[in-house]
Amino acid sequence: KSRAAVHVMTHVLFEMMFLKTVYLLLSLEGISSFVVTPSIANTRYHERSTSLFGLLDEINSDDYNLMDTSNDSSGGINDDFEVLLGELVFSTNDPRVDIMNNFDRATSDEFISWMDKKAENSSDPNERLALKDLNEMVVDIKRKVELSKMAEERAAREAEKEQEKMCLEAEKEAEAGRKMSNADILRKAAKISEVDVGEATDGAAEKKSFFEEELTPEIRMSYEDSLKKLLPPYKAGETPASVVAANYEKFDAQFVKVLTERSANGDEDAASLLGALGEEQSKRIEAATETLKGMLALGEPMKMEGAIVRLAREGKIDEPFLLLLEANESQARDAGAMGPAELMKKLRFRAAEEKDKLVSSKEIRLIRKLLRAEDSIEREKLLEDAFTPKESLLVAGTAENAMKAIDGEVPEAEKPMPEVPPPDFINACKAVLLNFGNLHYDDERGDLATRIKQIASEAEVVATRIYGQGMTARDQQDRAWKDQTTSIFDLERMELQAQANGDHAPWTNPDQDDDMFLPGFDSQGKMQIGGD
């Protein structure tokens, strides 16, 4: 294919790449997109906070060190690494978030070398593969942070040069202005006014699309590893088509731009890879078209929704299918056929919801719904429903509850819990920012990082309304110190529980001597006030 054909073809790929990236949130394995992550300015490690609030503060903060990672001076370096490995492996968070939480330790050369040796010496193939994957993730995070710092430094240098240029131009204009007459000044002012009006009317046309934005050196460097894996030389039997099919999820919009640039500069391997990507996209669109035709042939909306449930279970709800539904909706709406347009919209939302159900993480399902929500009112309802504690209909299957059931007693129900605890929502938002923070849209929505932070801001308001104002770690310590004393209601509950068990609370036991009672209490358990 000619370079011009490849250049045109890549434009067609971009919208699909955008949607694919959004619908693959937290399918993080192997994603190589460049993300400008916060700089790690605070090397002190803090205790993980259990506060349910302060969502936006945590999302925006540079302090990712939320775990207690103080070293035990009595233990060896290997013991410390084993503890860190355990934290990364057994944590319920996204591994990349935990790596950032322990950035200094996890990205040290010593730990990376120790992990590499541990993987090589492992006799278990599955363990060896898992350790290598985790180590690659650590190296990837370390590289992204380094690239982030490089991008920040380059941006600062460019801003400084631009400022110097503006100052020089201002000095030249001032010098020229001192030599102008009053009439010349008035004519120049009128000319400047006309230019400003023209710029205001043409401002929207000058906005560059994502495809037109220039690639920075840091973005190119962030895809070097992916290029090494996906470009020739290939193993025996591999072709560009087979490589694309096996690694399709790695081709995000930014990576397509990198390949397009290389292809325009004469890289035939990159052009071949883009061609294979276009053919793979065509195959997927054709399959999605046939799937959509079969669904629409059912005629009745209820049957169509039933078909969507079945298709989701079969793994056929992908980004080409969702794009086709959206395209049909837009076409019907433009033609004035509001009924079919609303049907397509309903089917598209149902397809997205069924696809979300296949995701194991409730937090990511919530983020996807929030990103699809049309306005802040809809997002607020979703957040309230997710954050509000709910009574569990099922009793926990513990041994204690099983014994109570055998004895005919009523098992203890679990405390009401929210569907998505706000702390887990924090970590999910961080994971999205770490992996997809650079994703942009060619409309008013802006980049994904801005939208996630907006969602976090709204989530903080909802969480505070449900649980109250959050406390800092110092506030929590002060409250714990003050609450060491037991209230009379706690004492009454302990007394009633003792009576129900056929026992007596220590301060109400009639068989105890007076010397055994707490100072200030009589044999009836009543507090003595004053003298005898």
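Reader: Which residues of H18 are buried?
Author: In this predicted model, the buried residues of H18 are Arg379, Leu383, Ala386 and Phe387. Seen down the axis of H18, they fall within an arc of 85°, so they line one face of the helix.

Reader: And what is exposed on the other side of H18?
Author: Ile377 and Lys381 are exposed there.

Reader: How far does H18 reach from its first C-alpha to its last?
Author: Helix H18 covers residues 376-387, 12 residues in total, and reaches 16 Å. That is close to the 16 Å expected at 1.5 Å a residue.

Reader: Switch to H16. What span should its residues give, and how far apart are the end C-alpha atoms?
Author: H16 has 20 residues, 338-357, which should span 28 Å at 1.5 Å a residue. The end C-alpha atoms are 29 Å apart, which agrees.

Reader: Which residues of H16 are buried?
Author: Ala341, Met344, Leu347, Ala351 and Ala352 are among them. The buried set also includes Arg348, Glu354, Lys355 and Asp356.

Reader: Now H3. Which of its residues are buried?
Author: Asp80, Phe81, Leu84, Leu85, Glu87 and Leu88. They cover an arc of only 160° around the axis, which puts them on the same side of H3.

Reader: What do they pack against?
Author: The buried residues of H3 pack against H4 (95-101), H5 (103-106), H6 and H7 (125-178).

Reader: And the span of H3?
Author: Helix H3 runs over residues 77-90, so 14 residues, and should span 20 Å at 1.5 Å a residue. Its end C-alpha atoms are 20 Å apart, in agreement.

Reader: Aromatics next. How many aromatic pairs does the count come to?
Author: Six aromatic pairs. One of them joins Phe111 and Trp114, and this pair is stacked, at 5.9 Å centre to centre with 25° between the planes.

Reader: Where do Phe111 and Trp114 sit?
Author: Both are in helix H6, residues 109-121. They are three residues apart, so about one helical turn separates them.

Reader: How accessible are they?
Author: Tyr223 counts as buried at 1% relative accessibility. Phe255 is buried as well, at 1%.

Reader: Which residues do ring pairs link into a cluster?
Author: Phe81, Phe111 and Trp114. Phe81 is also one of the buried residues of H3.

Reader: Which residue lies over the face of Tyr248?
Author: Arg284, at 3.6 Å from the ring centre.

Reader: Back to helices. What is in contact with Val244, leaving aside its neighbours within four places in sequence?
Author: Phe251, Leu273, Ala276, Leu277 and Glu280. Val244 is found in helix H11. Val244 is buried, with a relative accessible area of 0%.

Reader: How far is Val244 from Gly275?
Author: Their C-alpha atoms are separated by 9.9 Å. Along the chain, Val244 and Gly275 are 31 residues apart.

Reader: Which residues does a cis peptide bond join?
Author: Pro232 and Pro233, with omega about 5°. Pro233 is found in the loop between H10 and H11 (240-246). For context, most peptide bonds are trans.

Reader: Last one, the whole protein. How many helices and strands are there?
Author: There are 23 helices and zero strands. Of the 532 residues, 37% are buried.

Reader: And which share of contacts joins residues at least 24 apart?
Author: Among contacts between residues at least 6 apart in sequence, 72% do.

Definitions and conventions
Residues are numbered from 1 along each chain as its sequence is written. This is a predicted model: local features need pLDDT of at least 70, side-chain atom pairs count only at pLDDT 80 or more; totals for chains, interfaces and linings use all residues. Side-chain values use heavy atoms; hydrogens and water are left out. Rings of Phe, Tyr and Trp (its six-membered ring) pair if their centres lie within 6.5 Å; planes under 30 degrees apart count as stacked, over 60 as edge-to-face and the rest as tilted. Helices (H or I, at least four residues) and strands (E, at least two) are DSSP runs, numbered from the N terminus. Buried means under 20% relative accessible area, exposed over 50%, partly exposed in between (1.4 Å probe, protein chains only). A charge sits over a ring if NZ of Lys or CZ of Arg is within 6 Å of the ring centre and within 35 degrees of the ring normal. The expected span of a helix is 1.5 Å times one less than its number of residues. The arc is that of the directions from the helix axis to the C-beta atoms. Contact means heavy atoms within 4.5 Å.
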